[in-house]
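Hi everyone, thanks for coming. I'd like to walk you through one model this morning, so please have a look at it on the screen while I talk.

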Amino acid sequence: MNRRAFALIAVALFSLEVAIAVFFKTGFIRHTFGDFLVVILIYCTLMALTKFSSVYAAVITLLIAVLVETAQVANVLARLGLDRTQASDLILGSTFSWGDIGAYILGVATALIATHLWHQEP
């Protein structure tokens, strides 16, 4: 898969994430499936914009997701004066969840497996 394909997938996933945010306020699709998709979005964006290997992009993606999730435990947004705004909740979340970590791991694994099934790296 080439960088252009990753970019197109990233745009499609971003559009889907926006639709989920608009139409689903609670439940599995909003919280778990959205988290699963967002790491695939980040991975595809990295693959489109960099020359990272798929494994390196997957590791960076997972680190970003876990860092954001961990920042929720440390209440970083409140310390920055960004706590409990609609934008911060939507983009960065508001509460730590092990389920989110699980969704991130599954999403990154899915992206990595899909990339390797196509047998081509950018």
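By right-handed I mean that the near helix is turned clockwise from the far one by less than a right angle, and left-handed is the anticlockwise case. The axes here are lines fitted to C-alpha atoms, for helices over the stretch in contact, and the angles run from 0 to 180 degrees between N-to-C directions. Angles under 35 degrees count as roughly parallel, over 145 as roughly antiparallel, 65 to 115 as roughly perpendicular, and the rest as oblique. On the H2 side the contact is made by Val39, Ile42, Tyr43, Leu46 and Met47, and on the H3 side the residues include Ser54, Ala57 and Ile64. Contact means heavy atoms within 4.5 Å.

A word on where this comes from. This is a predicted model, in which local features need pLDDT of at least 70 and side-chain atom pairs count only at pLDDT 80 or more, while totals for chains, interfaces and linings use all residues. Residues are numbered from 1 along each chain as its sequence is written, and side-chain values use heavy atoms, with hydrogens and water left out.

Now the overall picture. The protein has 6 helices and 0 strands. Both kinds of element are DSSP runs numbered from the N terminus, helices being H or I with at least four residues and strands being E with at least two. Of the 122 residues, 31% are buried. Buried is under 20% relative accessible area, exposed is over 50%, and partly exposed is in between, with a 1.4 Å probe and protein chains only.

What about the core? The largest nonpolar core has 23 residues, and Phe6, Leu13, Ile40, Tyr43 and Cys44 touch the most other members. Helices H1 (3-23), H2 (27-49), H3 (54-73) and H6 (98-117) each give two or more residues to this core, and H2 gives the most, with 10. A nonpolar core is a set of buried Ala, Val, Leu, Ile, Met, Phe, Trp, Tyr and Cys residues joined through side-chain atoms within 4.5 Å.

H1 passes H2 in a left-handed crossing. H3 and H6 pack at about 165° with axes 10 Å apart, so H3 is roughly antiparallel to H6. The crossing of H3 past H6 is right-handed. Among the H3 residues that meet H6 are Val55, Leu62 and Glu69, and the H6 residues they meet include Asp100, Tyr104 and His116.

Which residues does Glu69 touch, not counting those up to four places away in sequence? They are Thr95, Phe96, Ser97, Asp100, Ile101 and Tyr104. Glu69 is found in H3 and is buried, with a relative accessible area of 0%.

Last stop, Gly99, which lies in H6. Gly99 is partly exposed, at 46% relative accessible area. Its C-alpha atom is separated by 9.4 Å from that of Asp35, 64 residues apart along the chain.
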